[in-house]
Amino acid sequence: MDEARISRHGSGAKLWLAGGWLLLALLAAIFAPLVAPQDPLAQDLMLERLPPFWLDGAEPGYWLGTDSLGRDLLSRLIFGGRIAFIVAFAAAIAACVVGSTLGLIAGYFGGWADRIISRIVDVWMAFPPVLFAILLVAVLGTGLSSVILAIAIIDWTRFCRVIRAEAMGQSRMDYVENARIAGYGRIGIMLREVLPNVVPSVVALLSLEMGIAVIVEAILSFVICRSRPTTRLGAASSPRAVSRSTRHGGCWFSR
Amino acid sequence: MLLQRFLIRLATMLITLFGVAVVVFVVIRVAPGDPIAMMLPPGATNDDIARLRALYGLDKTIVQQFFIWLAGVARGDFGTSISLRQDVLGLVFNRLPATLELAIVALVMAVAIGGTTAILGARERGTAVEAGIDIASGAALSIPDFLWGLVLILLFGVLVPIFDISGRVSPQLDLPFVSQFYLFESLLRLRFDLTWDLLKHMLMPAIALALPLAAIISQLLKQSLKEVLDLDYVVLARVKGFSETQVILREALKNAALPTLTLVGVQFTFLIGGTVIVERLFSYEGLGNMAIDAVINRDLPLIQGIVLVFALLFVLINLAVDMMYALLNPRLRHG
């Protein structure tokens with residue numbers, strides 16, 4: 001009993017800590033132009049490679065120092081957070097809609113629909129994800145929307161597999177049988193009876209997927225060095241990352 | 001029974017690989033950017049471009065190209081790389097051992113680190129030691145592998161330069177190897193000087209790949225161990241006078257390991273997928289690094305070959321995990 005209460009108390013503290021940090025990051029991202037001390041794209045070669053505030057030689061107003069082009073790292077982080085949040089929400093929701101829909105259809109209808117969808121999922125899971133993402137971005141172009149699209153195209157299988165299994169279990173329940181006897185159509189049952197019962201899993205997967213989307217976005221913007229200056233978390237994640245990507249030279253592939 | 005399931009799995013495996021081949025074939029051919037235009041100097045005439053396109057078979061329709069390629073694959077011919085002008089199969093097999101060595105070293109490290117911390121955490125359950133392990137695995141898990149790579153470069157490549165930050169082996173060394181498995185062969189030939197040089201290059205990317213997996217192993221195995229440690233037969237072993245460490249190693253570990261083993265199999269494929277970016281980061285001359293170059297150069301045959309080899313690795317690992325699970329789990333064996 002005591003142990004349970006302690007662990008619940010512990011997870012409560014964790015929840016507040018994590019939620020608070022997330023809220024802070026979200027607010028900073030939304031109000032980035034007000035919060036950021038500098039323009040994230042403003043270059044000043046007189047101020048290049050400044051150290052962070054706890055080291056000698058730091059400039060006031062540049063709390064985390066600057067990169068090799070003299071851009072303020074804190075401001076780049078704050079503005080980069082915007083893109084991270086946009087990608088996290090958009091890509092996760094897109095992957096969720098596609099994957100859950102197909103999973104629901106496969107799990108509830110079974111038969112050929114299930115066989116075809118499951119085979120596609122197998123094929124998708126056999127791709128090396130990072131390489132697949134790089135390939136897709138090479139095809140789709142380098143903008144924010146293609147990054148979101150690429151993540152959604154790769155990660156819908158995660159939803160599909162779980163929701164398929166859930167829907168399969170739910171459709172064998174008595175209440176589904178009762179609804180059928182009551183005269184509801186199959187699509188009606190799927191949407192009105194089965195769907196609400198798989199929503200908890202969808203929500204859990206969605207939160208997981210948001211974290212993954214941020215990481216994939218960081219990987220993509222790290223690998224793909226664009227010719228124009230950007231404010232992505234992946235590119236701003238370390239001064240070395242920035243110096244590395246600039247050293248590899250402007251274009252990763254031309255558009 | 002087991003054989004029949006094995007054969008069915010083999011058939012679905014082939015279908016999956018065929019699907020991968022189709023998808024990658026279509027995806028890279030709708031990509032903008034012409035590999036032929038990249039090969040020729042700016043002054044090339046349209047006639048030259050057309051001739052070179054015909055030479056690489058790129059003037060035919062996608063469907064025709066696919067079946068020509070598939071017929072080649074059936075003969076063991078994966079085509080010729082456009083940018084490197086070498087046989088794709090040879091290129092891939094030249095690089096694959098480097099990636100496999102890296103992945104295997106990373107896996108061994110992950111199991112060693114994860115297993116040790118799990119056993120330690122289960123023995124010291126409820127103490128500050130366990131809390132410390134939990135915090136450390138939380139940190140290891142929430143930082144992705146390529147970011148660990150950057151952190152490691154900063155720590156052990158720049159601040160305390162004990163490891164080499166790029167490449168697979170020091171270029172000035174004379175390598176007597178006949179295979180591409182440098183690390184394993186250096187051990188077999190007892191050339192430990194070369195082993196050390198290879199490890200100095202390999203350890204950082206391997207740690208970067210291993211840390212997230214180590215955290216997963218640590219958490220899952222610790223949980224399973226804690227559950228098993230409350231069972232009667234373990235209590236009996238304790239009553240017999242075994243120490244807690246002995247109880248864990250001799251009695252509990254065997255029964256707690258099965259879920260972890262399955263998960264490690266699945267996670268190993270993620271680890272191999274992660275080598276693409278980590279190899280790039282450390283300029284490690286493996287398959288992943290070559291893959292990114294191939295995408296940059298629009299080297300269609302090479303991309304196809306590499307993706308297919310990765311896919312083959314993934315399905316083979318999944319097959320091995322399933323078979324191992326069936327062999328180790330008595331309930332499935334007799335079911």
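## The fold of chain B

In chain B, 72% of the contacts with a separation of 6 or more join residues 24 or more positions apart; two residues are in contact if their C-beta atoms, placed from the backbone, lie within 7 Å. This is a predicted model, where local features need pLDDT of at least 70, side-chain atom pairs count only at pLDDT 80 or more, and totals for chains, interfaces and linings use all residues. Residues are numbered from 1 along each chain as its sequence is written, while chains are lettered from A and ligands numbered from 1 in the order in which they are written.

Chain B has 14 helices and 0 strands (DSSP runs numbered from the N terminus: helices are H or I, at least four residues; strands are E, at least two). Its C-alpha trace spans about 85 × 55 × 40 Å along the principal axes. Of its 335 residues, 38% are buried.

## A closer look at B:Glu279

Let's visit one residue. B:Glu279 sits in helix α11 (residues 244–281) of chain B. B:Glu279 counts as buried because it has 26 C-beta neighbours inside 10 Å (buried takes 20 or more other C-beta atoms within 10 Å, exposed 12 or fewer, partly exposed in between, with C-beta atoms placed from the backbone).

Leaving aside residues up to four places away in sequence, B:Glu279 touches several others, including B:Thr99, B:Pro205 and B:Tyr284.

## Confidence in chain A

The average pLDDT of chain A is 79; pLDDT is the predictor's confidence in each residue, from 0 to 100. Within chain A, helix α4 (residues 111–125) has the highest confidence, at a mean of 92, and helix α10 (residues 239–247) the lowest, at 37.
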